Structures are given as C-alpha cells and as structure tokens.
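Have a look at the sequence and the 3D structure below. Then read on for a short tour of the helices and the charged pairs.

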Amino acid sequence: WQFKLLEARLGLKFEDRHGANYYTSQLPSHHIETIKEGESKNSLLTLINNWLERMPVFTDDRFWENYRSIYTNSLADGERTNLIYFDEVFKSAEAGRNLTAKASRAALFILLYRGYPILQLPFQLLNVLLEIDEQLSTWRFRHMHMVHRVIGTRQGTGGSTGRDYLKGALERHYIFKEIATLNSFLVERSKLPNLSAETTIKLGFTV
C-alpha cells in the first residue's frame, strides 16, 4: 500500500493505472482510504506543472515560431509526423496530458538552454524526475520477473493475471513520461535561436 501511495503522490492517476480494479482489491479499508486521500491532493507532477507555468521564459511568439522552423528543418523524412505531435504538445496541449502547453514550453526551454547558470538547477530537477521513473521501472521489472519465477503464469494477487498484469504496469506507469518525450524536440545546440541581450543577461547572472 505504501508503494501505491507513493505512486499516487508522485502523480500516477487512478484512470492511468493498468488494471486499476486490482490495485486496491486486497488492501484493508484503512489503507484504501489513505491511498484515496493521497490521490485527492496535489501530486508532485501537478506542482511541477504549476512551477513550470510560472517560469518567465519561452513566452515570445516570434522565438517559438523560429524554433519550430529550425526543428522542422532538422527532421529526417521519416520523422515528419513529429510536427503533428510538436503542435499538440506546445500549442494545444490536448486533454489527458499532465503538462499544459505553457509548462511544456518552459521545460523545453530549460533543456535547450541548460548551459546558462540560472537554468542549471531546473535542469537537474527535471533529470531527477526522470531518474525517479527509471528507478521505479527497474523495481517493477525485477518484481515482474520474481513473480514469474515463483508462480509462472498462475493467477496473481486479487485475481490479476500475475506476470502479464505486472508487465502492463511496467509499460504504462511512467509518471514523468511527458518530460522524457521532450527530448524528441531537441536540435543541435549550434542551431539554437540567439537569445536577446536582455534575456542572456538574466540567464547568466550578469550585472
């Protein structure tokens, strides 16, 4: 129950869970109440989205259109469909996403210009979130193989499909996957748009 509560507090929503009908089926009522209470609070992912939205960067429309053009020119023929996803992430931010378009633009800006002193800590924070997902997925992977070694293809706890259920959770339960996919929109640093002198001063702690 503690692991499930940790997932909820980090930002894994009930509707995004694989086999959601199993995940509390064998827990006592007081543990279920604790998890549900955790789900009702602002998760770390929600707080990260709010923090990114408050960042005063990546708000110039001309900069944005320029970067989209540079990104378009960087795509290989087989990557052209990325432009559709690009607009979905950074312009419309369709329902079902955890990061808004504004937050996604701020996160991308951090990744692109992480060499500036003021963006180093935000960049490290985003990396730590990806590290959390990696460590959680490693735990799930080992758990899946332990279960397969012990019970094979037998039914798992609460009537789940055992190993197959755990495999589905492993593939689906990436809490910060929207941050990870931002790497799909990077270009060579030598091709990045030049920032204004005012912005460069702010990002570099220059007096």
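**The fold**

The model is predicted. The protein has ten helices and zero strands. Read from the N terminus, the order of elements is α-α-α-α-α-α-α-α-α-α. The chain counts 207 residues, and 37% of them are buried. Now take the contacts between residues at least 6 apart in sequence. Of these, 73% join residues at least 24 apart.

**One face of helix α1**

Helix α1 covers residues 2-10. Its buried residues are Glu 7, Ala 8 and Leu 10. Viewed down the axis of α1, the buried residues fall within an arc of 165°, so they line one face of the helix. Just after α1 comes Gly 11, with a positive phi of about 140°.

Helix α3 spans residues 44-54, and helix α6 spans residues 101-112. The two pack at an angle of about 75°. Their axes lie 8 Å apart. Angles of 65 to 115 degrees count as roughly perpendicular, and α3 and α6 are therefore roughly perpendicular to each other.

Which residues of α3 meet α6? They are Asn 49, Trp 51, Leu 52 and Glu 53. On the α6 side, the partners are Lys 102, Ala 103, Ala 106, Ala 107 and Ile 110. Sorted by class, the contact of α3 with α6 has six nonpolar, one polar and two charged residues.

**Salt bridges**

Side chains of opposite charge can pair when their charged atoms come close. A salt bridge here needs a side-chain nitrogen of Lys or Arg within 4 Å of a carboxyl oxygen of Asp or Glu. By this rule there are seven salt bridges.

| Pair | N to O distance |
|---|---|
| Glu 39 and Lys 36 | 3.6 Å |
| Lys 91 and Asp 87 | 3.9 Å |
| Glu 178 and Arg 97 | 3.5 Å |

Start with Glu 39 and Lys 36. Both lie in helix α2, which covers residues 29-40. They are three residues apart, about one turn of the helix. Glu 39 is partly exposed, with a relative accessible area of 24%. Lys 36 is also partly exposed, at 35%.

Next come Lys 91 and Asp 87. They sit four residues apart in helix α5, residues 82-92, and about one helical turn separates them. Lys 91 counts as partly exposed, at 42% relative accessibility. Asp 87 is partly exposed too, with a relative accessible area of 23%. This pair belongs to a network of salt bridges that links Glu 65, Arg 68, Asp 87 and Lys 91.

How many residues apart are Glu 178 and Arg 97? They are 81 residues apart, so this pair links distant parts of the chain. Glu 178 is in helix α9, residues 177-180, while Arg 97 is in the loop between α5 and α6. Is Glu 178 buried or exposed? Buried means under 20% relative accessible area. Glu 178 has 10% and is therefore buried.

Key. Residues are numbered from 1 along each chain as its sequence is written. This is a predicted model: local features need pLDDT of at least 70, side-chain atom pairs count only at pLDDT 80 or more; totals for chains, interfaces and linings use all residues. Side-chain values use heavy atoms; hydrogens and water are left out. Buried means under 20% relative accessible area, exposed over 50%, partly exposed in between (1.4 Å probe, protein chains only). The arc is that of the directions from the helix axis to the C-beta atoms. Axes are lines fitted to C-alpha atoms, for helices over the stretch in contact, and angles run from 0 to 180 degrees between N-to-C directions. Angles under 35 degrees count as roughly parallel, over 145 as roughly antiparallel, 65 to 115 as roughly perpendicular and the rest as oblique. Contact means heavy atoms within 4.5 Å. Ala, Val, Leu, Ile, Met, Phe, Trp, Tyr, Cys and Pro count as nonpolar, Asp, Glu, Lys and Arg as charged, and the others, Gly among them, as polar.
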